[in-house]
Amino acid sequence: MTEHSAAALVQEGITQLSGCSDSPRLDAEVLLQAACGINRTALACDPDQPVDPQSAAAFFVFLKRRSQKEPIACILGHKEFWSLEIRINQATLVPRPETEVLVETVLDAIPPDAAVDLADLGTGSGAIALALAAERPLAHITATDISRAALSKARENAKRLGLDIHFVEGDWFAPLAGRRFDAIVSNPPYVRQNDPALEAGPARFEPATALFAGEDGLDCIRAICADLKHHIKPDGLVALEHGHDQQSAVRGLLSAAGLESIVHVNDHAGLARVTSARMPH
Ligand SMILES: C[S@@+](CC[C@H](N)C(=O)[O-])C[C@H]1O[C@@H](n2cnc3c(N)ncnc32)[C@H](O)[C@@H]1O
């Protein structure tokens, strides 16, 4: 088997990824570190260091996956969210930066010393619940998902990060019968079925149950809003992430569910991607 130097592998990576990634060098270096344990500093200090054949083979497998536009996070199996390392699997969505706006919205509404009861619906990897648990250690957080495989990854993340979250499996509020919360947060699926923008993009590597929500993308938000009144305490907060063109539909659904003080929050691109509301007293 040919022995490659670290620099030669990176160069090969840049060549293969140039047509399919906006950051071929960075991607090649990150994949080199994941496959061969050689970080950017070690690469800069000793570019000619030899790489053992098994590690080089692992690097080439990663490179092939990346050249098919698979997101780096899916290849590595983890993604940073709210400064936490969140592990992911094939059943979980890759946590997105815009979801940090949802976390910020909830944190703005919950004082640090409040022992609130909080639910995260459709927790996936657990990203939102984990970030909230890290910031609000006194909160009692329950996180749900319909996917057992996603919940198992979320549980694993909570254990590894030492964060206390109660996980339950089921369809939206079904596993929360009889329970009311001070705050309900969710980043549910909200993509229109067969959205052409997603078919060619990196989301094709993610689970359809985490993305799609019927013809108008609102099926899940509709299902959640339909049951809110049974699960939110008076003056309780609801915060939902949604698509950039769904704000008025979400406002209508929350208003029909009896919520007031409805506020849209923009993401860092200036698009309204989060809506919060309160249940009146
Ligand atoms: C857009 S992903 C969000 C994941 C995670 N909360 C995040 O922000 O990265 C939506 C999640 O909702 C879950 N989900 C889909 N349908 C559901 C249902 N009927 N009941 C509960 N969870 C559901 C999916 O499995 C997925 O984990």
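Predicted model: local features only at pLDDT ≥ 70, side-chain atom pairs only at ≥ 80, totals over all residues.
Close-up 1. To find D267, look in the loop between β10 and β11. The strand β10 covers residues 260-266, and β11 covers 272-278. Which residues does D267 touch, not counting those up to four places away in sequence? They are E98, V101 and R273.

Close-up 2. Now we turn to the ligand, which is surrounded by 17 residues. The closest of them are G122, D145, D171, W172 and N187. What kinds of residues make up the shell around the ligand? There are 8 nonpolar residues, 7 polar ones and 2 charged ones.

**Close-up 3. Backbone atoms beside ligand nitrogen.** At G122, a polar backbone atom lies 2.8 Å from a nitrogen atom of the ligand. G122 also belongs to the closest residues named in the previous view. At T123, a backbone N or O atom is 3.3 Å from a nitrogen atom of the ligand. For I146, the distance between a polar backbone atom and a ligand nitrogen atom is 3.3 Å. How much of the ligand's accessible area does the protein cover? On its own the ligand has 600 Å² of accessible area, and the protein covers 95% of that.

**Close-up 4. Two domains in one chain.** Here we step back to see where the earlier views belong. The domain assignment gives domain 1 as residues 4-68 and domain 2 as residues 92-278. The centres of these two domains, taken over C-alpha atoms, are 36 Å apart.

**Close-up 5. Secondary structure, contacts and surface of the chain.** The chain has 11 helices and 11 strands. Of its 281 residues, 50% are buried. Among contacts in the chain with a separation of 6 or more, 64% come from residues 24 or more positions apart. What is the accessible surface of the chain? It comes to about 13200 Å², and carbon and sulfur atoms account for 51% of this surface.

Notes:
Residues numbered from 1 in each chain as written. Heavy atoms only, no water. Near = heavy atom within 4 Å. Polar contact = N/O pair within 3.5 Å; in protein donor to acceptor, adjacent residues only side chain to side chain. Areas by Shrake-Rupley, 256 points an atom, 1.4 Å probe, with all protein chains shown as cover. Nonpolar A, V, L, I, M, F, W, Y, C, P; charged D, E, K, R; others polar. Helix = DSSP H or I, 4+ residues; strand = E, 2+ residues; numbered from the N terminus. Buried < 20%, exposed > 50% of the residue type's maximum accessible area, 1.4 Å probe, protein only. Contact = heavy atoms within 4.5 Å. Domains from an automatic or database assignment.
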